[in-house]
Amino acid sequence: MPRPIRAIIHQNALAHNLQIARKHASQHEVFAVIKANAYGHGIERVYPALKTADGFALLDIEEAKRLRALGWTGPILLLEGIFSAQDLFDCTQYQLSFTVHSALQLQWVRQHPEPAQFDIFLKMNSGMNRLGFQPQHYREVWQTLKSCAAVNNLTHMMHFSDADGERLGQSGIDAQFKIFEDTVQDLPGERSICNSAAILRHGSQLSSKTVRAGILLYGSSPDFPQHSIQDWDLQPSMSLRSEIIAIQNVKPKQTVGYGSTFQADQAMRIGVVACGYADGYQRISATGTPVLVDGIRTRTIGRVSMDMLAVDLTEIEDALIGSEVVLWGKSRFGSILPIDEVAATSDTVGYELMCGVTARVPFFIETQG
Ligand SMILES: *Cc1c(COP(=O)(O)O)cnc(C)c1O
């Protein structure tokens, strides 16, 4: 028997979550963001459920090639653009749209030696100071690209730093959106503005041809804890499941795990779970992180080790060796543990947990339920 840990990808949930994005961005084309191997899910595993999207967005040309190999003929957007002048040949061969966010990328496009029909998303740095041209230079760059024979289509693009909440005491989108609109207002061309948080919170109010839906597709709320996945009607698309492999009856004052960080103040029943930080479970998470045992909510106890962690079974009398443990996602008994709640106890976000499941964890696909 293999070790019982596994990650399950719920294709129905992915398809459902895509519909939620469509509902909030009904006037827009929805691009499914599948960077980082589809947020750790595996591009090949999510593709059947997401192929009704209007396009896909990712970072890596190798991932784009995998998507083409699956039969996808629609738009693919490279969110960080090209990393060398050479990449432009792949953009032509595989029909990839790409962002232009830097002067160097602009130069590569202008100096491209072959006739081309590039579809470019010109990125403005509207305040996040990560990628893009400053508003005062943006129009000049736009003119330069517009007059470039290799450029077929130009989309105005920006990215919000705080669409999930507030920014410097104001609504998280107002200042950046105003800078963007003031800069592009009279220029022709479509816009691409919203990430998941902006789609759910501001989708109807921001006009944008394409939206870029990432984390919401994977059943994590972009503005947790203000809103949970239940509030947004999203479903978990990844479950990390394992089993109880040992049970210890602990007396008052006895300790559990490395460093004896947990000491029982009463008699307890402790389950040892085949899941540790070498599987991608956060070591930093302390006693009290929620888990489901046979679908019933309980908590972790003590430190997470490389291959194991401990859970409190005191109230779950029916739990035995072999009982199902859900670290995040959905139990086969139907109950749900949102990844956002698990992430919050380790001071991180669902994105990091789903991207961090390690190579030794086998993945399975579930098409029903
Ligand atoms: C990752 C990314 C997105 C998707 O963000 P989510 O918060 O996962 O929806 C959208 N746009 C850009 C430019 C990105 O890099």
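Me: What makes the backbone nitrogen of Ser221 and the side chain of Asp340 a polar contact?

Reply: The nitrogen lies 2.8 Å from a polar atom of the Asp340 side chain. A polar contact is a pair of N or O atoms within 3.5 Å; within protein, one must be able to donate a hydrogen and the other to accept it, and residues adjacent in sequence count only if both atoms are side-chain atoms. So the 2.8 Å pair is within the cut-off. Mind you, this is a predicted model: local features need pLDDT of at least 70, side-chain atom pairs count only at pLDDT 80 or more, and totals for chains, interfaces and linings use all residues. Residues are numbered from 1 along each chain as its sequence is written, and side-chain values use heavy atoms, leaving out hydrogens and water.

Me: Why does Asp340 have no salt bridge?

Reply: Asp340 is buried (under 20% relative accessible area; exposed is over 50%, partly exposed in between; 1.4 Å probe, protein chains only). The nearest side chain of opposite charge, Arg297, is 11 Å away. For charge, Lys and Arg count as positive, Asp and Glu as negative, and His and the chain ends aren't counted.

Me: Then what makes Glu29 and Lys209 a salt bridge?

Reply: Their N to O distance is 3.9 Å, so it is within the limit. Glu29 lies in strand E2 and Lys209 in the loop between H9 and strand E11, so the pair ties together parts 180 residues apart in sequence. Helices (H or I, at least four residues) and strands (E, at least two) are DSSP runs, numbered from the N terminus.

Me: Why is Glu29 called partly exposed?

Reply: Glu29 has a relative accessible area of 29%, so it falls in the in-between class. Lys209, at 36%, is partly exposed as well.

Me: And what about Arg360 and Asp279: buried or partly exposed?

Reply: Arg360, at 38%, is partly exposed, while Asp279, at 0%, is buried. Arg360 and Asp279 form a salt bridge too, with the closest N and O atoms 2.7 Å apart. The pair ties together parts that are 81 residues apart in sequence. Arg3, Asp279, Asp307 and Arg360 are linked in a network of salt bridges.

Me: How many salt bridges does the structure hold?

Reply: There are 17.

How values were computed:
A salt bridge is a side-chain nitrogen of Lys or Arg within 4 Å of a carboxyl oxygen of Asp or Glu.
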